Amino acid sequence: MKLYKNNESIQDKDIMFAVASNTISITILFLPRYITEHTVSSDGWIAILFGGLIALLLGWILAKIAVSFPNEPFLSFASYLVSKPVAVILCFIFVFQYIIISSFQMREMATLSQEYFFDRTPLEVVCLAFILVVIYAVSGSKMAIFKLNILFFPFVVGGLTLLIIAPMWAIKLENLLPVFQTDFKGLQSGTISSLNAFLGFGIVLFYISLIKKPEKAAKMTVLGILFPFTFYIIIFIICVGVFGNATVKNLYYPVFELSKIISIPGIFFERFDSILFIIWTIIVFTTCLMAFDIAVMLINQLIPKLAKQSIIFILSPIIFFLAMLPKNFIQINNIAKYMAYLEIVYIVFVIFLLGTMLLIRGRRTHDSL
Amino acid sequence: MIPYKKLIFLICCLPLTAGCWDNLEVEDRSFVTGIAIDLATNKDNNKPAPSEESAAERDSQGQQQQNSQQQSNQPSSGQERIKQNQNESSLQTDERVLNYEKDEDYEQNDNNKFKLTQQLLNPSTFSSQQNTNNSNATSFRNLSQTGDTIIEMNRDMIKQAGSRTNVTHLNIVLFSEALAKEEYLFADLMDIFLREKEMLRSVKIAITEDQSSDYLSILPENEKIPSKYLSKVLENKSTLDIAQPLTVGNVQSYLLMNRSFIIPFISQVNTTTVNYDGVSVYSGIKNKVVGNLIGDEAKGVNFIQSKNQTGTINTKLDDHDVTFEILNIQSKISLKDKKMPLQFDIKIDVASGVAEQYGHLDVMKEENYQKLKSTLEKEIKEITEHTISILQNELYTDVIGLNTYLYEKHYPLWKSIKEEWEEGQHYFIKSDIQVDVNATIEKPGNIIKSH
């Protein structure tokens with residue numbers, strides 16, 4: 001059984017699906033809460049708009065950097081731009097970051113399932129079942145991951161569209177008023193909070209090297225970000241419209257609560273939240289899977305001698321262990337917050353560093369490869 | 001060898017496919033459809049009472065206690081009873097304890113704050129009843145328990161219920177008026193209905209005139225479950241003196257914003273009927289129910305808030321009764337003057353029809369039409385202004401949405417006075433509210449005159 005092929009290549013439109021599925025993660029479930037903390041009434045959509053625009057810009061630059069070095073892995077072109085030792089350090093931080101993302105997503109998923117469905121099933125069992133599937137998916141070829149993204153995409157879009165349409169009747173105009181009352185400081189904090197939900201575009205830095213002819217990759221990245229962008233704004237307005245700003249601020253998972261108010265008559269669909277739970281699982285699965293895969297890929301670049309499967313089997317207990325580490329919801333919440341800030345700072349730093357070096361040193365000519 | 005190894009491996013995998021860890025058969029659950037919460041009224045007669053005092057007498061005492069004026073008398077009578085008990089032999093006392101506990105619902109602790117009554121629905125009996133369809137045997141049962149928090153009482157109740165209670169189909173929560181008038185209790189008790197993961201935010205809330213647990217046994221002949229009946233009563237939209245159904249989710253947003261709001265208020269007529277009397281006024285500042293608006297007083301709130309409610313208005317024209325059916329209400333609040341005292345202008349547009357008319361008035365005549373119109377306008381204006389004056393002068397509470405209006409349309413102003421709205425400077429009480437009513441009578445009905 002051959003699990004790893006070296007000559008894998010993907011289309012540039014695959015990047016779009018990958019970015020979209022990776023960006024929409026478990027964060028969406030509490031995003032409205034983070035944003036209403038800083039904003040008045042329904043003004044949070046402005047914060048998401050700013051956050052989204054910044055993300056589009058960052059994503060475009062990031063893709064452009066990666067496209068400048070077609071078919072070249074991250075470590076290789078980063079070494080060219082900022083010298084080998086710096087590139088290795090950058091690489092290590094990325095590995096660290098994606099391991100944490102992976103385990104955080106898994107832990108949140110398990111917490112959510114325990115919160116709403118399985119009272120007595122231990123957290124460890126839910127996580128174990130989840131990570132076993134993730135390991136299986138990572139062990140396969142990268143093509144499979146991208147194909148899986150495309151396969152899941154219609155379901156995700158369908159589920160989220162239902163989530164948008166079904167609670168429309170419950171929106172009260174009085175919850176959305178007044179408009180434009182948030183001060184600059186509130187919008188600023190709200191923008192940073194929302195930017196956190198867009199950070200999934202970071203994967204383009206690593207995945208564009210897999211595209212054979214990445215001419216359209218930057219455009220596809222932007223399109224990939226646009227999908228969660230519009231979705232976040234709509235879901236935020238619906239969330240505030242249904243519950244009101246003060247309530248959203250005080251709901252642990254506002255978006256999940258939203259799915260709970262939907263009730264479609266009929267036996268199977270009466271509790272809509274259980275149907276949507278499948279969608280949340282898919283969303284978390286793709287995000288967790290790609291984070292894990294990038295961590296494996298980067299380690300593989302750092303230590304080429306180590307077989308991919310060995311890396312997976314070394315990493316998976318670590319991810320599982322990290323997921324079990326937070327003892328309570330306060331720690332999880334804090335981790336989510338600090339992690340978001342670190343990620344934002346780091347990705348901006350990397351973009352700035354690689355971008356300026358690219359401008360200074362220029363693209364690599366073919367003969368110097 | 002290899003197939004055997006595979007076989008053994010597969011057999012080892014079998015336990016993993018056993019399915020859900022948390023599975024619970026539907027027959028093993030009992031669904032809670034209604035909850036009633038009261039103050040534990042037996043604080044003082046919980047001590048072993050002489051057996052001559054029958055349960056009926058105790059009940060009457062319990063009712064007396066709801067009248068808050070008489071509450072101060074109660075402890076002394078309780079102490080008397082204790083003295084009586086001391087004279088008796090311990091054996092007799094023990095006997096009486098036993099008798100006492102048989103009489104009363106099972107209650108275990110002296111100093112409990114609340115009494116929780118749950119209506120449990122047994123799915124198995126319910127389905128069998130549908131099949132046989134002969135007995136009017138109860139498909140529900142009510143259980144009571146006292147305790148300090150709802151979840152604690154609920155867990156204690158599982159000991160009685162014999163099966164796990166499930167709240168996913170909870171329909172209605174009743175609070176007694178006595179409880180709602182205690183500071184913070186209503187808001188505190190609301191917590192569990194929001195925090196518990198299985199609860200839906202659409203659970204309805206109502207306040208009952210007396211002991212709310214009694215309402216869970218009111219069963220009309222055409223209904224099977226009391227809480228379903230109560231829930232239907234609350235969903236009524238065709239009278240004006242009642243409110244929209246208030247859900248747990250609404251309450252949370254009101255409480256979080258320190259808003260005052262109205263809660264449906266129901267009273268018991270007889271053992272099979274309840275009456276939807278009006279609304280209770282909950283003050284977001286005092287954190288308790290401060291009073292009730294009954295009948296016409298509650299109509300005023302509906303005229304101002306115009307929430308898709310229809311109903312009738314009774315007026316007198318030349319000593320004859322005329323009743324109008326209100327078909328549609330459109331109201332608009334505007335702020336005329338931003339200086340203190342604030343001047344509000346409430347414009348109410350009413351579309352109506354003549355529903356019933358005594359005497360022999362020709363409704364087709366222009367002058368009579370004008371007369372009817374002005375009577376109706378005057379009546380609505382009076383009702384509304386009366387409600388406003390009660391709210392401003394007696395209850396000091398804004399449930400007509402002026403606070404919300406300021407928040408939505410005049411946010412900077414609202415921000416500067418939000419602390420002083422219903423307390424401190426009392427801007428609400430001081431504000432000047434003008435009511436303008438414009439009525440149109442759209443339909444005369446089938447006839448011109450009946451006699």
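Predicted model: local features only at pLDDT ≥ 70, side-chain atom pairs only at ≥ 80, totals over all residues.

Let me begin with helix pairs. Two packed helices are described by the angle between their axes and the distance between the axes. In chain A, take helix α2, residues 27–36, and helix α9, residues 184–195. Their axes come within 8 Å and cross at roughly 165°. Angles over 145 degrees count as roughly antiparallel, and α2(A) and α9(A) are therefore roughly antiparallel to each other. The crossing of these two, α2(A) and α9(A), is right-handed. Which residues of α2(A) and α9(A) meet? On the α2(A) side they are Leu31(A), Tyr34(A) and Ile35(A), and on the α9(A) side Gly190(A), Ser193(A) and Ser194(A). Sorted by class, the contact of α2(A) with α9(A) has 3 nonpolar residues, 3 polar and no charged.

The second pair is also in chain A: helix α14, residues 272–302, and helix α15, residues 308–324. Here the axes are 10 Å apart and the packing angle is about 130°. That angle makes α14(A) oblique to α15(A). The crossing of α14(A) and α15(A) is right-handed. From α14(A), the contact uses Phe292(A), Ala295(A), Val296(A), Ile299(A) and Asn300(A). From α15(A), the contact uses Lys308(A), Ile311(A), Ile312(A), Leu315(A) and Ile319(A). The classes in the contact of α14(A) with α15(A) are 8 nonpolar, 1 polar and 1 charged.

Now chain B. Chain B has 16 helices and 14 strands. The chain B total is 451 residues, and 36% of them count as buried. If we take the contacts in chain B with a separation of 6 or more, 74% are between residues 24 or more positions apart.

There is one annotation to mention for chain B. An unreviewed UniProt entry places the feature "domain: Spore germination GerAC-like C-terminal" at residues 286–445 of chain B. Over residues 286–445 of chain B, the chain is 37% helix and 37% strand. The end C-alpha atoms of that stretch are 47 Å apart.

Next, how many residues of chain B are in contact with chain A? There are 15 on chain B, in contact with 17 residues of chain A. The elements giving two or more residues to the chain B side are α11, 248–256, and α14, 402–409, both of chain B. The largest share, 4 residues, comes from α14(B). By class, this side of chain B has 6 nonpolar, 4 polar and 5 charged residues.

Last, some single residues. Most residues other than glycine have a negative phi, and most peptide bonds are trans. Ser41(A) is not a glycine, yet has a positive phi of about 50°. Ser41(A) sits in the loop between α2 and α3 of chain A. Is Ser41(A) buried or exposed? Ser41(A) counts as buried, because 22 C-beta neighbours lie inside 10 Å, and the cut-off for buried is 20 or more.

Tyr184(B) also has a positive phi, about 70°. Tyr184(B) is in the loop between α7 and α8 of chain B. Tyr184(B) is exposed, with 10 other C-beta atoms within 10 Å.

Finally, Leu151(A) lies in helix α7 of chain A, residues 142–165. Leu151(A) has 12 C-beta neighbours inside 10 Å, so Leu151(A) counts as exposed. Leu151(A) and Phe17(A) are 134 residues apart in sequence, but 9.6 Å apart in space, C-alpha to C-alpha.

Definitions and conventions
Residues numbered from 1 in each chain as written. Chains lettered and ligands numbered in written order. Axes fitted to C-alpha atoms, helices over the stretch in contact; angles between N-to-C directions. Parallel < 35°, antiparallel > 145°, perpendicular 65-115°, else oblique. Left-handed = near helix turned anticlockwise from the far one by under 90°. Contact = placed C-beta atoms within 7 Å. Nonpolar A, V, L, I, M, F, W, Y, C, P; charged D, E, K, R; others polar. UniProt positions renumbered as here; feature names shortened; annotations may be inferred.
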